[in-house]
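Please find below a note on the structure under review. The points are set out in order and may be read alongside the sequence.

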Amino acid sequence: MARDRKRRQDTDLQERVVYIHRVSKTVKGGRRMSLLALVVVGDGKGNVGLGMGKSAEVPLAIQKGVEDAKKNMFHVEVTGEGTIPHEVEGHFGAGRVLIKPAVPGTGVIAGGPVRPLFELAGITNVLSKSMGTDNALNSIKAAAEGLKALSTPAQTAERRGLTVAEMFVGKEN
């Protein structure tokens, strides 16, 4: 039963390779090459994961990255319009990523590495700006930290001990 559910869950997951990086280690006999693959896995319904795999061959590195991403999945709060509930900034290392909600029809306006993260999370309208570093790993991890920090109005109201209506009293649209 649990195995069937897991297999069904794995089938609706999409995976996308963000980048493949070749690294070399100098040893006594020369250079030893290795590959590092950064992979994003998501179902397009708010669940997304980020993983990294290392190997001597590309397919093996990607496979390890996918397995790592499935282990590190998290849920993103996505509104009915396919955007995020509020503006947020994610930090990881020297990477800073500013993520803003956008009106329907805007699309995913995001730089290279963070774009697949938003698309596989099911976010269709978002504005983002990567600041601080152009390192793909730090940028995408900063974006993931930002997405993890999102909360819905209902969660914020509960945390403050108010109702959603009380929270927005005096606010104009």
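Predicted model: local features only at pLDDT ≥ 70, side-chain atom pairs only at ≥ 80, totals over all residues.

1. Thr79 is placed in the loop between β4 (73-75) and β5 (88-92); helices (H or I, at least four residues) and strands (E, at least two) are DSSP runs, numbered from the N terminus. With a relative accessible area of 26%, Thr79 is partly exposed; buried means under 20%, exposed over 50%, and partly exposed in between (1.4 Å probe, protein chains only). Setting aside residues up to four places away in sequence, Thr79 touches Ile84 and Pro85, where contact means heavy atoms within 4.5 Å. Between the C-alpha atoms of Thr79 and Val164, which are 85 residues apart along the chain, the separation is 15 Å.

2. Residues are numbered from 1 along each chain as its sequence is written, and side-chain values use heavy atoms, with hydrogens and water left out.

3. As to the overall fold, the protein has six helices and eight strands, in the order α-β-β-β-α-β-β-β-β-α-β-α-α-α along the sequence. Its C-alpha atoms fill a box of roughly 70 × 45 × 30 Å along the principal axes. Of the 173 residues, 36% count as buried. Of the contacts between residues at least 6 apart in sequence, 54% join residues at least 24 apart.

4. Is Asn138 buried or exposed? Asn138, in helix α4 (residues 136-148), counts as buried because its relative accessibility is 18%. Beyond its neighbours within four places in sequence, Asn138 contacts Phe92, Ala94, Gly95 and Thr133.

5. A nonpolar surface patch is formed by Val17, Ile20 and Val58, with about 200 Å² of accessible area together. Areas come from the Shrake-Rupley method with a 1.4 Å probe, and for residues only the protein chains shown count as cover. Ile20 belongs to strand β1 (residues 14-27) and is partly exposed, at 40% relative accessible area.

6. Lys148 lies over the face of Phe74, at 5.0 Å from the ring centre; the criterion is NZ of Lys or CZ of Arg within 6 Å of the ring centre and within 35 degrees of the ring normal.

Definitions and conventions
Patch = residues over 30% accessible without salt bridge, like charges linked within 9 Å, V, L, I, M, F, W, Y side chains within 5 Å. Salt bridge = Lys/Arg side-chain N within 4 Å of Asp/Glu carboxyl O.
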